[in-house]
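I set out here what I looked up in this structure, entry by entry.

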Amino acid sequence: METSIKKNQYFCIENWCKVRERLIINIECSFEGEQDTEESTVDWNSEKHANPVMLIRNSGELWISTKSSDGRKIRSVIMKLTSAVGDIESMYLKYGIASFDPMKHDYSVDWKGDIRHDVITFTMTETGADISFSVSQQESADRDKIEDTPKREIEFDEDDIFGNIRADLSVLRLIETPEAGECVVNLESAEKNLLENGDRNSAEEVIERAEQIIVKYIDESTKALHEYKKSII
């Protein structure tokens with residue numbers, strides 16, 4: 001899978017700030033006329049331009065440029081994504097290309113699709129950069145290991161449990177609290193254990209905890225809404 005961007009465009013990653021506690025992004029830059037490469041790790045708490053090609057937007061998106069902020073000519077940029085829990089696909093990251101919109105006097109992003117690979121390489125060209133997506137040796141080995149694991153036959157009631165896990169995950173990912181983030185990690189782990197080992201008890205315990213968090217969030221949101229309505233009447 002390949003794409004390209006022009007010099008005045010940005011490569012964008014959406015949703016990374018929501019999983020930044022579970023996802024490590026390393027950036028390796030090489031420059032014309034320099035033998036050594038420059039490496040850094042994306043850090044939400046660092047400066048917005050901690051890396052010559054990196055920009056963190058206020059919306060929590062990560063933008064990568066083909067032009068260095070310090071004037072050096074870039075030869076290539078390699079981004080390596082490492083997930084602490086699960087594979088890269090489970091992070092639900094999206095990528096797109098940002099171009100300047102003269103009507104809005106700002107950049108607009110054309111979102112292209114999901115990120116399913118853990119290595120993204122930018123090779124500079126005269127007009128911008130060619131972008132390629134690939135799987136690292138470690139990621140490939142992990143996938144082979146999963147594929148070689150004998151799959152258990154899933155009973156009907158286990159299907160229900162899988163459905164509950166995925167439904168809870170879709171809601172929890174919208175709740176930006178530490179306990180919700182921790183529960184997302186636990187649910188993803190429970191789903192994997194259920195598939196590989198049939199560990200239903202642990203899965204049901206995590207589901208119960210997830211639903212407690214969801215109910216609490218709904219109650220607090222509803223209470224806040226009622227208080228707001230009272231204040232404006």
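I take buried to mean under 20% relative accessible area, exposed to mean over 50%, and partly exposed to mean in between. The model is a predicted one. I looked up Tyr 107 and found a relative accessible area of 27%, so Tyr 107 is partly exposed.

I noted 4 helices and 11 strands as the secondary structure of the chain. The chain has 233 residues, of which 35% count as buried. I then turned to contacts between residues at least 6 apart in sequence, and 63% of these join residues at least 24 apart.

A pair of aromatic rings is described by the distance of the centres and the angle of the planes. My search of the whole structure gave 8 aromatic pairs. For Tyr 10 and Tyr 107 I read 5.4 Å between the ring centres and 85 degrees between the planes; planes over 60 degrees apart count as edge-to-face, so this pair is edge-to-face. Because Tyr 10 belongs to strand S2 and Tyr 107 to strand S9 (residues 106–114), the pair ties together parts that are 97 residues apart in sequence.

I next examined Phe 11 and Tyr 95, an aromatic pair with 5.8 Å from centre to centre and 20 degrees between the planes, and recorded the pair as stacked. Phe 11 lies in strand S2 and Tyr 95 in strand S8, so this pair ties together parts that are 84 residues apart in sequence. I found both Phe 11 and Tyr 95 buried. I also recorded one aromatic cluster, formed by Tyr 10, Trp 63, Phe 100 and Tyr 107.

I looked up Leu 55 in strand S5 and found Leu 55 buried, with a relative accessible area of 15%. Leu 55 and Tyr 10 are 45 residues apart in sequence, and I read 9.4 Å between their C-alpha atoms. His 105 is in the loop between S8 and S9. I noted for His 105 a positive phi of about 55 degrees, although this residue is not a glycine. His 105 is exposed, with a relative accessible area of 64%.

How much space lies in the second largest pocket? I recorded about 460 Å³. The lining of this pocket has 20 residues, and the closest to its centre are Cys 17, Lys 18, Val 19, Arg 22 and Arg 173. Helix H3 (residues 178–197) gives the most to this lining, with 5 residues. I divided the lining residues by type into 10 nonpolar, 3 polar and 7 charged.

How values were computed. Residues numbered from 1 in each chain as written. Predicted model: local features only at pLDDT ≥ 70, side-chain atom pairs only at ≥ 80, totals over all residues. Heavy atoms only, no water. 1 Å grid on protein atoms, 1.4 Å probe; cavity = no way out; pocket = protein on both sides within 12 Å on 5 of 7 lines; lining within 4 Å. Points joined across faces, edges and corners; volume = space filled by probe spheres on them. Helix = DSSP H or I, 4+ residues; strand = E, 2+ residues; numbered from the N terminus. Nonpolar A, V, L, I, M, F, W, Y, C, P; charged D, E, K, R; others polar. Phe/Tyr/Trp six-rings, centres within 6.5 Å; stacked < 30°, edge-to-face > 60°. Buried < 20%, exposed > 50% of the residue type's maximum accessible area, 1.4 Å probe, protein only. Contact = heavy atoms within 4.5 Å.
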